[in-house]
Structures are given as C-alpha cells and as structure tokens.
Amino acid sequence: MAGKPKLYYFNGRGKMESIRWLLAAAGVEFDEEFLETREQYEKLLQDGSLLFQQVPMVEIDGMKMVQTRAILNYIAAKYNLYGKDLKERALIDMYVGGTDDLMGFILMFPFLSSEDKEKQRAVIVQKATSRYFPVYEKV
C-alpha cells in the first residue's frame, strides 16, 4: 500500500483547499509540508519537482503532481468520486467549472483597494446568489 499523500503549499488555503476537501471527502489521510521560506520553494524548483514552477504540488502514488485540476481529477478517479460514466463526469466537470468561475471573482478580493472591495463584494454576492448557488441547490 502506498503511503499517505503529501501536500506542498503555503501555510494557507488558496488552491490547495479544494484538494484537502476532496481527500477528506474520500476519507484519505494526508501529510502537509508548508512552504514557509523561500529556500523550501527553491529546493523544490532545483529538484525539478515543480513542472510549471508553482504549487500546489501533491506527492501521491510515486508521482509529484502539479496543476490543481489534474490533481483533483486524479484523486476523484482514484477514489471513485468522478462519476460512474462519461455523462456523470461531464456533469461533474460543469459544476466544477462553475465553481472555478465563481472563485475567479473571489481570489483577487483581498488585493483590492477598500473602495473596490465594496463594489466587488456586491458583484460576488449578486452572482453567487443568482447564478451559481441556485444551480448547486437544485442538484
């Protein structure tokens, strides 16, 4: 049996959070290495572990995987969480794509000026409540 997956990311949520959630949904324990120094990140670069020179990275089944969507697809398929057939996978991909769209509005929020935050908050709430949440509630 392979060891626990090991997650490499900064000490925060960001793009690793959906990976953590999916592993938890699958009942899979994992280890984490938080990148707290520039040297830790540079070591991963020098080792050739970061295909596109960025995290998140997950070590699983002898692979060093990068790119959030690829990691999520692998975990979902490995633990039978990616639908029973092509149609179910397509539906899952559509819901995930919608979530990605919504996250696009949210990701930059912390970096906005105070004035822009108020405007963007209103846009996020409006789109989330009228466009995205109803779809998920229906499912």
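Student: What percentage of the 139 residues of the chain count as buried?
Tutor: This is a predicted model. A residue counts as buried when its relative accessible area is under 20%. For the chain, with its 139 residues, the buried part comes to 26%.

Student: In what pattern do the helices and strands follow along the sequence?
Tutor: The chain has five helices and four strands.

Student: How many aromatic pairs does the count come to?
Tutor: Rings pair if their centres lie within 6.5 Å. By this rule the count is two aromatic pairs.

Student: Why is the pair of Tyr 9 and Phe 10 tilted, going by its planes?
Tutor: Planes under 30 degrees apart count as stacked and those over 60 as edge-to-face, with the rest tilted. The ring centres of Tyr 9 and Phe 10 are 5.2 Å apart, and their planes stand at 55°, so the pair is tilted.

Student: Is Tyr 9 buried or exposed?
Tutor: The cut-off for buried is under 20% relative accessible area. Tyr 9 has a relative accessible area of 12%, so Tyr 9 is buried.

Student: How does Phe 10 count, at 42% relative accessibility?
Tutor: Exposed means over 50% and buried means under 20%, with partly exposed in between. Phe 10 has 42% relative accessibility, so Phe 10 counts as partly exposed.

Student: What is the distance between the ring centres of Tyr 95 and Tyr 136?
Tutor: These two rings have their planes at 55°, so the pair is tilted. The centres of the rings of Tyr 95 and Tyr 136 are apart by 6.2 Å.

Student: How many residues apart in sequence are the parts that Tyr 95 and Tyr 136 tie together?
Tutor: Tyr 95 belongs to helix H4, residues 86-107. Tyr 136 belongs to helix H5, residues 114-138. The pair therefore ties together parts whose separation in sequence is 41 residues.

Student: How do Tyr 95 and Tyr 136 count by relative accessible area?
Tutor: The range between buried, under 20%, and exposed, over 50%, is called partly exposed. Tyr 95 has 28%, and Tyr 136 has 30%. Both residues are therefore partly exposed.

Student: How far apart are the end C-alpha atoms of residues 3-83?
Tutor: UniProt, in an unreviewed entry, places the feature "domain: GST N-terminal" at these residues. The span is 36% helix and 20% strand. Its end C-alpha atoms are separated by 25 Å.

Conventions. Residues numbered from 1 in each chain as written. Predicted model: local features only at pLDDT ≥ 70, side-chain atom pairs only at ≥ 80, totals over all residues. Heavy atoms only, no water. Helix = DSSP H or I, 4+ residues; strand = E, 2+ residues; numbered from the N terminus. Buried < 20%, exposed > 50% of the residue type's maximum accessible area, 1.4 Å probe, protein only. Phe/Tyr/Trp six-rings, centres within 6.5 Å; stacked < 30°, edge-to-face > 60°. UniProt positions renumbered as here; feature names shortened; annotations may be inferred.
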